Amino acid sequence: MYQVMLFLHIIGALALGFYLILPFVLGTLGKLSLAGQEGTVSAVKTLNRFAQFGLILQLLTGGYLIGQGNYSVPWMIVIVLLFLAIGALSGIMGKPLRLALEGIRQNKPIAAEEGKLRTLSALLSVSVLVISFFMVFSTII
Ligand code: HEM
């Protein structure tokens, strides 16, 4: 059972790998044609929704894994805080994604949304990197 849960946990982590490269994908947005921008933002919006399912999977399987081992309270606090930060950031990103898509379709400037998306995706990328570090180095704190 432990291995099944760990496997599902790794599958969820792979789904979140999308956030690791997102800043680079969004970084090229300004260089694309309007059609390219619409396609990219629309794909990112869909992938963001799927990654949120991955996040729920991480919480459920991670909760099981925690019950099977001995983890320090500071480790658990750091993990929960990072998990909440990732959930919040991905949720917040939904709005600028929707507004950017509307803007592109109506041929309006989307510089404000692009800036927000760049900041949010950078924070998400770092948070996923840091939580993955603490997952592997689970006895470091
Ligand atoms: C949200 C992003 C998350 C990612 C990317 C992630 C990733 C990983 C990875 C790659 C491993 C394998 C590490 C190893 O076996 O050496 C792992 C293990 C584990 N994860 Fe997560 N995880 C996440 C969230 C969570 C959450 C929210 C919890 C708890 C509620 C959790 C609890 C655990 C536990 C207990 C292990 C086993 C650690 C060990 O004993 O080595 N994870 N995670």
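**The ligand site and aromatic pairs**

The α2 helix gives the largest share of the shell around the ligand, 6 residues; helices (H or I, at least four residues) are DSSP runs numbered from the N terminus. The model is predicted, so that local features need pLDDT of at least 70 and side-chain atom pairs count only at pLDDT 80 or more, whereas totals for chains, interfaces and linings use all residues. Residues are numbered from 1 along each chain as its sequence is written, and side-chain values use heavy atoms, with hydrogens and water left out.

Around the ligand there are 20 residues, of which H9, Q58, L65, Y71 and M135 come nearest; a residue is near a molecule if one of its heavy atoms lies within 4 Å of it. The shell divides into 14 nonpolar residues, 6 polar and no charged. Here Ala, Val, Leu, Ile, Met, Phe, Trp, Tyr, Cys and Pro count as nonpolar, Asp, Glu, Lys and Arg as charged, and the others, Gly among them, as polar.

Polar contacts are pairs of N or O atoms within 3.5 Å. A side-chain N or O atom of Y71 is 2.5 Å from an oxygen atom of the ligand. Nitrogen atoms of the ligand lie 2.8 Å from a polar side-chain atom of H9 and 3.4 Å from one of Q58. Two or more shell residues come from each of α1 (2–27), α2 (34–68), α3 (73–105) and α4 (111–136).

In the whole structure, 5 aromatic pairs are found, a pair being rings of Phe, Tyr and Trp (its six-membered ring) with centres within 6.5 Å. F133, F134 and F137 are linked into a cluster by ring pairs.

Technical notes
Polar contact = N/O pair within 3.5 Å; in protein donor to acceptor, adjacent residues only side chain to side chain. Phe/Tyr/Trp six-rings, centres within 6.5 Å; stacked < 30°, edge-to-face > 60°.
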